[in-house]
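I am opening a notebook on this structure. I want to look up its parts one step at a time.

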Amino acid sequence: MSMHGPIATHRSSSGIPSGRLAIWWLLASEIFIFGGLVACFVLFKLNGTPGFEDASLTSVTAGAINTFVLLTSSLSIVLAHAAIEKGERDKSFRYIWYTIGGGVVFLGIKTYEYTGKIINGHVITENLFWSFYYTMTGLHALHVIGGMVIMALISFDIRKGHNYQRVELIGIYWHFVDLVWIFLFPLLYIANF
Amino acid sequence: MSDAYAHPNYIKIWFWLLGLLALSVAGPMLEIPVVTIITAFGIAVVKAYLVAANFMHLKFEKDIIWYLLILSICLLGVFFFGTSPDLMMTEGDQWIDCIADKSCVEQRL
């Protein structure tokens with residue numbers, strides 16, 4: 001590991017490396033962003049707000065495939081972390097790029113879904129369900145894109161032998177993105193009751 | 001680099017997650033609302049636990065991280081229950097049943 005990085009990545013006054021503590025703080029704030037949206041969605045649904053029956057129009061198959069893709073990409077990034085802990089840079093690099101590939105597939109399926117919905121007139125202003133659908137999945141997709149960009153930067157860094165700890169940090173973030181999808185999937189795709 | 005963990009068997013956990021995904025998709029096919037809720041959201045909670053505990057290494061993490069996350073979820077609960085009366089109650093002098101008269105549905109759009 002490089003010893004020339006910012007000092008905060010090496011300091012651990014709380015017993016936790018500062019970089020990792022920072023990621024957990026970030027994720028705590030993300031709980032409010034996505035949790036707030038999910039809470040509002042549930043309240044409106046329980047209140048019988050018109051439009052929520054449109055959940056039956058989303059594609060369970062596309063949602064399930066995307067869940068599979070994200071779960072698999074979570075596996076590849078945690079394997080990248082395990083590999084870099086053993087100092088296997090090339091193996092870790094490959095796993096990181098498998099994860100980025102998973103992100104690309106996820107976004108491709110999401111784009112296909114969006115296109116189909118928009119062509120059929122289900123736009124963000126149609127009703128409250130579609131407002132939530134596009135807001136929640138769109139915000140989630142932005143997190144996926146952000147994660148992919150950071151992962152790409154980290155992959156080249158570790159190949160040069162720098163900042164190995166960042167593989168774990170981006171992994172924790174990516175798993176959180178996966179976690180959010182685990183809850184969005186039943187909410188928007190399968191729990192139409 | 002991070003302090004070393006005893007890495008769990010990630011492949012095994014991934015297979016468990018895929019099995020649970022299949023269950024969560026199959027459950028609603030029975031078209032029984034209770035089964036749908038349990039298989040959709042109950043299984044989502046189990047999947048989330050498996051990912052957080054094993055992939056995010058939360059089960060190896062120090063207590064302070066657990067406190068941080070639990071506090072965040074509790075504060076989210078305050079937000080949820082704090083705003084729910086505004087949406088769920090349509091009785092009393094200050095309440096307008098906007099679902100019934102459809103007036104504020106238009107405003108929200």
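**Entry 1: the model.** I note that this is a predicted model. My entries rest on computed values.

**Entry 2: chain A overall.** I looked up the elements of chain A and found five helices and zero strands. From the N terminus on, I read them as α-α-α-α-α. Next I checked the dimensions. The C-alpha atoms of chain A fill a box of roughly 60 × 30 × 20 Å along the principal axes. Chain A has 193 residues, and 40% of them count as buried. I also looked at contacts in chain A between residues at least 6 apart in sequence. Of these, 75% join residues at least 24 apart.

**Entry 3: a helix pair.** How do I describe two packed helices? I give the angle between their axes and the distance between the axes. For H2(A) and H3(A), I noted an angle of about 165° and axes 8 Å apart. Angles over 145 degrees count as roughly antiparallel, so H2(A) is roughly antiparallel to H3(A). The crossing of H2(A) and H3(A) is left-handed. I then sorted the residues of this contact by class. I got 15 nonpolar, eight polar and four charged.

**Entry 4: the core.** Which residues have the most contacts inside the largest nonpolar core? I found Ala80(A) and Tyr173(A), in a core of 63 residues. From chain A they are H1, H2, H3 (89-119), H4 (128-159) and H5. From chain B they are H1 (10-26) and H2 (33-55). The largest share of the core, 17 residues, comes from H5(A). I went back to Tyr173(A) and left out residues up to four places away in sequence. Tyr173(A) touches Ile23(A) and Gly147(A).

**Entry 5: where the chains meet.** How many residues of chain A are in contact with chain B? I read 45 residues of chain A, in contact with 41 residues of chain B. H2(A) supplies the largest share, 11 residues. By class, I noted 29 nonpolar, 12 polar and four charged residues on the side of chain A that touches chain B.

Terms used. Residues numbered from 1 in each chain as written. Chains lettered and ligands numbered in written order. Predicted model: local features only at pLDDT ≥ 70, side-chain atom pairs only at ≥ 80, totals over all residues. Contact = placed C-beta atoms within 7 Å. Helix = DSSP H or I, 4+ residues; strand = E, 2+ residues; numbered from the N terminus. Nonpolar A, V, L, I, M, F, W, Y, C, P; charged D, E, K, R; others polar. Core = buried A, V, L, I, M, F, W, Y, C linked by C-beta atoms within 7 Å. Buried ≥ 20, exposed ≤ 12 C-beta atoms within 10 Å, placed from the backbone. Axes fitted to C-alpha atoms, helices over the stretch in contact; angles between N-to-C directions. Parallel < 35°, antiparallel > 145°, perpendicular 65-115°, else oblique. Left-handed = near helix turned anticlockwise from the far one by under 90°.
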